[in-house]
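The sequence and the structure come next.

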Amino acid sequence: MTNKNLKTYIFAALLAVAMLLGSCSSSGEGTSLADSSVPAGDITYTVTVKDAFGDPCTAGVAVQFLQNGERVAMQPCDANGVAAKTLPAGEYEISLAFSDGEENYYYEKTTLTAEVTSAEVTLCNRITAESQVIIVGNSDIETYSLATGTTYVELTPGVRNYFLFTPTVAGNFEFSLIGETKATVGYYGSPHYVMENSAATVTDNVFTVSIKSSMIGSGEGGTTVLVLGVDADIEVSCVFGIRRIGDPIKTIEDEPWTVYKAEKTPEAYQLPAGTTLKEFDFTKEYTLVYNETDGFYHLDSADGPLVLMRLTEDSEYMDSYQTILEHTGVTKYFYDEEGNFDRKETYSECLMEYIGCADEAQGVYPLTEDLKYIVQQHGDYQGWWDPESRAYLFVDMDGNPEPGINHDIAWLLMCCYAE
């Protein structure tokens, strides 16, 4: 066993004994604020240990009472971070002892006297891990990792000091510089892309970031690492606070998808030999009639020309649905009349079923109620046939709207009919 390990072992044993004694209740030496049996000439000295957020520090922390550099008493902190000890009146230097090593913490020592019998000590973590290097612009920058809680950090004045935070749980996290300081804090992205300006809105040196479950790595996926920055003009140190203040902020993207299911499972379709496919003229009128028997739409009557949707081949106006699925998926977000989010639907799985059953040569499938619903909902959401939308498709090569478009049938832009 090394000297350092032996020293740590002995100290931990002493601290454990002190904590055991501190937890015992007796009529002898006072150990609490309510002790009424203080011997004449003795004083109950009280030390409250808190972090920079004002929360009590308890686990593994004990207060040492020193005279001439020698410890004369030690008292563990209670559940409120308070250590009270009855001692002969005198002057006592206060220091803290820790079960996991003093090098992990920062605090300012204080002194108690017969006139000043109580004190509050603010305890912060220290950075003890090795530095890491990130690339900012063309420079290699040395950074240090911060954990939740309050951490005393030393700064290099006149530059931006970078720090890393790797969350271990999802949540809404608050980041702040605590106390009076002229330094300023910000959030600057990830180690792979360090931004010049803060990605978060900072108010009074406080900002929040919502860490979603998807940002916490599992398996082969990595955890999102946040790059934090402190600009220090003249400051040489500050206290950085990180705490979880609630569950992740829920956005529309976190809402579950409603998966659209086909009313009738599609079956393999083969276009009859010699069939010619004709495009719709969107400056004309067309009447579509649904045939209850075959479950498809026809032109003019239930027995008229069959209407088909292009699933794997591009139409005149749009890429095929197969291409769209490969790049973005096919979805729609629904809102009520007041603009409040209602639900979101995905049609991708249903379309994949139809694509698997489409005619192999032409990539078409007869227009069903399902396909009609999907193209109408998706296209309406995208703004494909809305002249006021940037996604409006009926434009010429110069981007000018084509004249005379019948918008009532514009949703047929991915369809054709058999002739």
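## Terms and model

A residue counts as buried under 20% relative accessible area, as exposed over 50%, and as partly exposed in between. Asp-254 has a relative accessible area of 32%, so this residue is partly exposed. The model discussed here is predicted.

## Salt bridges across the chain

The whole structure contains 10 salt bridges. One of the pairs is formed by Arg-243 and Glu-174, whose closest N and O atoms lie 3.0 Å apart. This pair connects distant parts of the chain: Arg-243 belongs to strand 20 (residues 237-246) and Glu-174 to strand 14 (residues 171-178), with 69 residues separating them. Arg-243 is partly exposed, at 33% relative accessibility. Glu-174 is buried, because its relative accessible area of 15% falls under 20%.

Asp-254 and Lys-212 form another salt bridge, with an N to O distance of 3.0 Å. Here too the partners come from distant parts of the chain, 42 residues apart. Asp-254 sits in the loop between strand 20 and strand 21 (258-259). Lys-212 sits in the loop between strand 18 (206-211) and strand 19 (226-232).

## Asp-247 and Arg-244

A salt bridge also joins Asp-247 to Arg-244, and the closest N and O atoms of this pair are 2.9 Å apart. Asp-247 has 58% relative accessibility, which is over 50%, and therefore counts as exposed.

## The loop at Gly-158

Gly-158 lies in the loop between strand 12 (149-154) and strand 13 (159-165). Its relative accessible area is 58%, so Gly-158 is classed as exposed.

Which residues does Gly-158 touch, not counting those up to four places away in sequence? The contacts are with Ala-232 and Asp-233. Ile-234 is 76 residues from Gly-158 in sequence, while the C-alpha to C-alpha distance between these two residues is 6.6 Å.

Technical notes
Residues are numbered from 1 along each chain as its sequence is written. This is a predicted model: local features need pLDDT of at least 70, side-chain atom pairs count only at pLDDT 80 or more; totals for chains, interfaces and linings use all residues. Side-chain values use heavy atoms; hydrogens and water are left out. A salt bridge is a side-chain nitrogen of Lys or Arg within 4 Å of a carboxyl oxygen of Asp or Glu. Helices (H or I, at least four residues) and strands (E, at least two) are DSSP runs, numbered from the N terminus. Buried means under 20% relative accessible area, exposed over 50%, partly exposed in between (1.4 Å probe, protein chains only). Contact means heavy atoms within 4.5 Å.
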